[in-house]
Amino acid sequence: MTFHSAVRKAGLIVAIAALAASAGCAKSDDGETQASGVKLVEKGKLTVCTHLPYAPFQSKDASGKVVGFDVDVMDLVAKDLGVEQKIVDTPFEGIKSGQDLNTGKCDAAAAGMTITEERQKVMNFSDPYFDATQALLVKTGKSDKSLDDLKGKKVGVQAATTGRDYAKKFEKEKGLQLVEFEDLAAEQQALANGQIEAAVNDLPVWTEYIKEHAGGFEVTAEFDTGEQYGFSVKKDGNPELLKKINEVLAKAKQDGTYDTIYEKWIGKKPNA
């Protein structure tokens, strides 16, 4: 090897080492750990996965901004951490399976999501923050008042939800023709267009839909399933963030902030 070749080789090695070092530095800048020990996937952001639309918990307003009950609560968490909330709209299947949390797409999930034993196997949930129940929505004036009235008729459900699971229990017994939709908006549109005779989903989302379409639809049956919503984080992956969410929830319920958010998006709390 000539002297010049050796110099060029040495220079190349130095250049590669410098490039690797700079790449290492860049990687260390991804995400951050708060003073509280909370790990975040992106620096200065609390990244939250959700599935739109699901008003009044999360949906876009006229300006395109994502707003809602869940958004306001998670904003409290972000504020406590000294960061901003960043919302990622993603299919619900990836949220409920824990995949989006496992792959680092987000720090937490806030999607009007019911706490179930199956979901607890793949993610960790916060303390419950909302009592939910399922309900049946039909067009105003329809004679279908219950699942018993819908034998042989098409009933809409949202894929991967507990509303779908509830309706599936009665599919054969009551002769229902269940039609699954990827999201709430598609289910609502199908009911409005007459593609289905009725639709099952969470009561709060139907209440919101009725407010937006006064006189057009009505809830004819409620199914008290004892469901509660929770926010979730990666399974055994971010205990400090889970602790922080629970602390913020407890404080908000104690100082009245939770009640203010509830009345803003849902209405007066039961027994309040």
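Q: Why is α2 called roughly antiparallel to α10?
A: In this predicted model, the axes of α2 and helix α10 (residues 257–265) cross at roughly 160° and come within 9 Å. Axes are lines fitted to C-alpha atoms, for helices over the stretch in contact, and angles run from 0 to 180 degrees between N-to-C directions. Angles under 35 degrees count as roughly parallel, over 145 as roughly antiparallel, 65 to 115 as roughly perpendicular and the rest as oblique. The angle therefore makes α2 roughly antiparallel to α10. Helices (H or I, at least four residues) and strands (E, at least two) are DSSP runs, numbered from the N terminus.

Q: What is the hand of the crossing of α2 and α10?
A: The crossing of these two helices is right-handed. A crossing has that hand if the near helix is turned clockwise from the far one by less than a right angle, and is left-handed if anticlockwise.

Q: Which residues make the contact of α2 with α10, and how do they divide by class?
A: From α2 come F69, D72, V73 and L76, and from α10 come T257, Y258, I261, Y262, K264 and W265; contact means heavy atoms within 4.5 Å. They divide into seven nonpolar, one polar and two charged residues. Ala, Val, Leu, Ile, Met, Phe, Trp, Tyr, Cys and Pro count as nonpolar, Asp, Glu, Lys and Arg as charged, and the others, Gly among them, as polar.

Q: What makes α2 roughly perpendicular to α9?
A: The axes of α2 and α9 cross at roughly 115° and come within 10 Å. That angle makes α2 roughly perpendicular to α9. The crossing is right-handed. In α2, the residues V73, M74, L76, V77, D80 and L81 meet L241, K244, I245, V248, L249 and A252 in α9. By class, this contact has ten nonpolar, no polar and two charged residues.

Q: Why is α7 called oblique to α8?
A: Helix α7 (residues 184–193) and helix α8 (residues 203–212) have axes that cross at roughly 55° and come within 12 Å. This value makes α7 oblique to α8. The crossing of α7 and α8 is right-handed. L184, E187, Q188 and A192 of α7 make the contact with V205, W206 and Y209 of α8. These residues divide into five nonpolar, one polar and one charged.

Q: Why do β6 and β8 count as edges of their sheet?
A: The open sheet has five strands in the order β6-β3-β7-β14-β8, with mixed pairing. Two strands pair if DSSP finds at least two bridges between them. β6 (84–89) and β8 (123–125) each have a single partner strand, so one side of each is left without a neighbour in the sheet. Strand β14 (residues 232–234) pairs with β8 in the antiparallel sense over three bridges, and the bridge partner of F125 in β14 is S232.

Q: Which helices lie across strands of this sheet?
A: Helix α2 (residues 69–81) lies across β3 (45–50), β6 and β7 (108–109), at about 135° to β6. Helix α9 (residues 239–255) lies across β3, β7, β8 and β14, at about 165° to β14.

Q: How do you know that β10 and β11 pair?
A: Strand β10 (residues 154–158) and strand β11 (residues 177–181) share five bridges in the parallel sense. In β11, Q177 is the bridge partner of K154.

Q: What makes the β-α-β unit of β10, α6 and β11 right-handed?
A: A crossover has this hand if, with the strands pointing away from the viewer, the path from the first strand over the helix to the second runs clockwise. The unit formed by β10, helix α6 (residues 162–169) and β11 is right-handed.

Q: How are residues numbered, and which parts of the model count?
A: Residues are numbered from 1 along each chain as its sequence is written, and side-chain values use heavy atoms, with hydrogens and water left out. Local features need pLDDT of at least 70, side-chain atom pairs count only at pLDDT 80 or more, and totals for chains, interfaces and linings use all residues.
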